[in-house]
Amino acid sequence: MSPAIPVENYLYLAIVLFSIGAAGVLIRRNAIVVFMCIELMLNAANLVLISFARHHADPAGHIYVLLVMAVAAAEVAVGLAIMIAMFRERKSIHVDDLRDMHG
Amino acid sequence: MSISLPALEPLLPGLLLVGVAILLLMYEVFAGQADRTYAAHLAVVGLGLSMFLSLKAVGTPRALLFGTDLANAPLIVDDFARVASALVAAAGLVAALLSPSYAKNAGHDHGEYYGLILFAVVGMMIMSMAGDLMTFFLGLETMSIAVYALTGLRAHDPRSTEAALKYFLMGAFATGFLLFGIALVYGATASVSLATLATFKAGSPLLTLGIALILIGFAFKVAAVPFHMWAPDVYEGAPTPVTGFMAVGVKAAAFIALLRLVHSGLGVSAQTDSTWIPILSALAVLTILVGNVLALVQQNVKRMLAYSSVSHAGYLLIGVVAAARGEASAGSAIIFYLTSYTFMTLGAFGVLTFLERKEGGPESERYGAFAGIGFRHPALGMAMSLFMVALAGMPPTGGFFGKLYLFTAAIRAEETWLALVGIAGSLISVYYYLRVIVAFYMREVPEPGPTPTATRSAQLTLGVALAAFFVLQLGLFPAPLLALTKSAMLSLGL
Amino acid sequence: MHSYGLLLVLFGIAAGIATILYAITVTLGPRARNPTKDEPFECGNIVKQVNHRVSVKFYIVALLFILFDMETVFLYPWAVIYRDLGWTGFWAMISFVSVLMLGLVYVWKKGALDWD
């Protein structure tokens, strides 16, 4: 059995994932892709939770991940419903088209 | 750890609302009627009862749910949580009163609307009771998801769906920061409990980064500059009563939770002083200045109120800085301010709801559209003037005492310069609040062309009257509420 | 570590061969473009537009599926230790599932599951 991968490595991976997600939110223009980037950020958080749950030998961390996943699913449902309403209204989900209001 | 039914009694105000909300949904699909005013009435009764139950329990000992001590109880029902629960229930109550006539005009008269308001209020209550960051996260999401849906309810109005999508994407983005911060704190302390967090000394980069990300998440939720970009569009596009509810409820819940985080989690120790005070101060100053200056240049009253709500978040952040400095009176000042802010803002949005025209559109929300309203509808004019005077922080209104307590607390915490920035911001704000009164009274009604006519609705009248009553009540007799907020802060151990 | 090194060599060789073969076809192969050749080939099927509209009902049912599917995630950890949780755990799960049930009843009565 090879020695365990240190928890730091998971942490760095999570930070990279989180940064990719955050950068994607700021760069991408399609609402669905933006939302996928946000999901990437949430999953980076899940990775931190699960690897530290293992590191601290604390089962609570595993449950937190399940909670986050359930909450994220509820968020997806509402978000996609909003996007469908938006698409019906103006046949586009590009955030650049969100220009009805300004001032 | 066994849970018997009586042990759940402290949660009764929240459970009651969940029950009413489910009842509303079931009634909607099994026996729905075309006119949903009954749903509004049911929601108002439920919220009133829940508020009464919360306030009745104030003064009784703290209850820890599903745990034995502060370090492992996810829900802490103390006087702080009870006062906060009553406040958010009051916000939901007034918002529900403002809704029926607007919903009928805008064509989104659904029974689910009131169910969503109730679920959002329950989420806010959970945020105020949360003893650990994960429970706080669940409360925040319960609230946020309900409010996203409320924002987009006018599905046939492009402004409403646009606002909903913007709010949803920015809110979910903020959630990402918050959750990653919580995960890092969990990594650093092996627990998400606030009490455990308080025992850790600053210095670990993991912990510092975690708390910083959590604070960014908060800043997004309360629309603090530079995380405020979404607020004006979302406030403009959402249905007016929902905008009012969002402006007060979400803000109140976020600040209440932030207050508990600062007091119970960051431990009001050297840790808060050294690391967070400069950052929070900078946020407060930026928020006050940018919020007020941008409010000055708005031509749309709803957008002006949005930027004004940004600047109010700035004043409240001054209170948070003072609280982090260990100033005992800052917490009660924040709760007092939030309460008076709740009533004056909901009142102002209530008056706008009165004047909303069926065809709607941004044109009906410009200053010019309100010309001469004060003469045509004297009661509405008086009410709007009262709310504007209160928002500007002038006596004899609750807004005056809110600012007075907040800035006094800042001076006591030796943050005099922050108090001065706050006062300067308030002086700027007088201009744009008075501009509304000017539009109401000093302009002649344009002879040809349409003049808005006020909607007649008993619920709306009651909502605005209630808001006006409390704004005046808090301005003339602030002592009872102040006593309540002090007992709330005492229960946090101050 | 040694065996991982070998794996890396394998990946390297595979990538190298693929690159070389691709380079050869690109540089040496004759190119004659015509519209028929540019069409994607799918076993004789007429290829549809990728972005053709799907009934909106599909999205609603899919969203509802995700929601109810995700909630069952809490049943697994509960099932592992439900003996230890005793009646508390039993009633907690009963209340959780009943709320979920009411949600299903709501969705059903609302007509979100009717396909036509």
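The contact between chain B and chain C takes seven residues from chain B and five residues from chain C, two residues being in contact if their C-beta atoms, placed from the backbone, lie within 7 Å. On the side of chain B that touches chain C, six residues are nonpolar, one is polar and none is charged. Here Ala, Val, Leu, Ile, Met, Phe, Trp, Tyr, Cys and Pro count as nonpolar, Asp, Glu, Lys and Arg as charged, and the others, Gly among them, as polar. This is a predicted model, in which local features need pLDDT of at least 70 and side-chain atom pairs count only at pLDDT 80 or more, while totals for chains, interfaces and linings use all residues. Residues are numbered from 1 along each chain as its sequence is written, and chains are lettered from A and ligands numbered from 1 in the order in which they are written.

Between chain A and chain B, 36 residues of chain A are in contact with 34 residues of chain B. Helices H1 (7-27), H2 (31-55) and H3 (60-90) of chain A are the elements that give two or more residues to the chain A side; helices (H or I, at least four residues) and strands (E, at least two) are DSSP runs, numbered from the N terminus. H3(A) gives the most, with 15 residues. By class, the chain A side has 26 nonpolar, five polar and five charged residues.

Ala57(A) lies in the loop between H2 and H3 of chain A. Its phi is positive, about 50°, although Ala57(A) is not a glycine. Ala57(A) counts as exposed because it has 8 C-beta neighbours inside 10 Å; a residue is buried if 20 or more other C-beta atoms lie within 10 Å of its own, exposed if 12 or fewer, and partly exposed in between.

The largest nonpolar core has 232 residues, such a core being a set of buried Ala, Val, Leu, Ile, Met, Phe, Trp, Tyr and Cys residues joined through C-beta atoms within 7 Å. Among those with the most contacts inside it is Phe387(B). Not counting residues up to four places away in sequence, Phe387(B) touches Met344(B), Gly347(B), Ala348(B), Val351(B) and Val471(B).
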